[in-house]
Amino acid sequence: RQDEPTLNYSLLRGKRLLMVDDIAINHAIIAEQLNTVGIRSDFCLKGMDAMRLMYQAEEEKDPYDFAIIDYLMPDINGEELA
């Protein structure tokens, strides 16, 4: 349709995402979509693992630009992690 806006994903290319969810298939689906626009993504199943990855990324001078965090997880919930 002509009245639909064209989406420009160029600002997202090269950005880094951390996804935290205890259901692995969720990452597989989202990562496939994000990879098509050039977003780098990492995934972990637990909040404590996410904290380790965030500290590691910071030490490597390649921090995450944004995160998708599930609320219901086994160790700490998404709100506590955020």
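Of the contacts in the chain with a separation of 6 or more, 64% are between residues 24 or more positions apart, a contact being heavy atoms within 4.5 Å. The model is predicted: local features need pLDDT of at least 70, side-chain atom pairs count only at pLDDT 80 or more, and totals for chains, interfaces and linings use all residues. Residues are numbered from 1 along each chain as its sequence is written, and side-chain values use heavy atoms, with hydrogens and water left out.

**Overall architecture**

- The chain contains three helices and three strands, where helices (H or I, at least four residues) and strands (E, at least two) are DSSP runs numbered from the N terminus.
- Along the sequence these elements follow the pattern β-α-β-α-β-α.
- The C-alpha trace spans about 50 × 30 × 20 Å along its principal axes.

**Surface and charge**

- Of the 82 residues in the chain, 28% are buried; buried means under 20% relative accessible area, exposed over 50%, and partly exposed in between (1.4 Å probe, protein chains only).
- The accessible surface of the chain is about 5900 Å², and carbon and sulfur atoms contribute 54% of that surface; areas come from the Shrake-Rupley method with a 1.4 Å probe, and for residues only the protein chains shown count as cover.
- There are 8 positive and 16 negative side chains, with the centres of the two sets 7 Å apart.
- Lys and Arg count as positive and Asp and Glu as negative, while His and the chain ends are not counted; each charge is placed at NZ of Lys, CZ of Arg, CG of Asp or CD of Glu.

**Helix H1 (residues 24-35)**

- H1 has twelve residues and reaches 16 Å from its first C-alpha to its last, close to the 16 Å expected at 1.5 Å a residue; the expected span is 1.5 Å times one less than the number of residues.
- His27, Ala31 and Leu34 are the buried residues of H1.
- They lie on the same side of H1 because they cover an arc of only 65° around the axis, the arc being that of the directions from the helix axis to the C-beta atoms.
- Ile25, Glu32 and Gln33 are exposed on the other side of H1.
- The cover over the buried residues of H1 includes strand S1 (16-20) and strand S2 (40-44).

**Helix H2 (residues 47-59)**

- The end C-alpha atoms of H2 are 19 Å apart, which agrees with the 18 Å that its 13 residues should span at 1.5 Å a residue.
- Gly47, Ala50, Leu53 and Ala57 are buried in H2.
- Their arc around the axis is only 110°, so they are on the same side of H2.
- On the other side of H2, Tyr55 and Glu59 are exposed.
- S1, S2 and helix H3 (78-81) are among the elements that cover the buried residues of H2.
- Lys61, which follows H2, has a positive phi near 60°.
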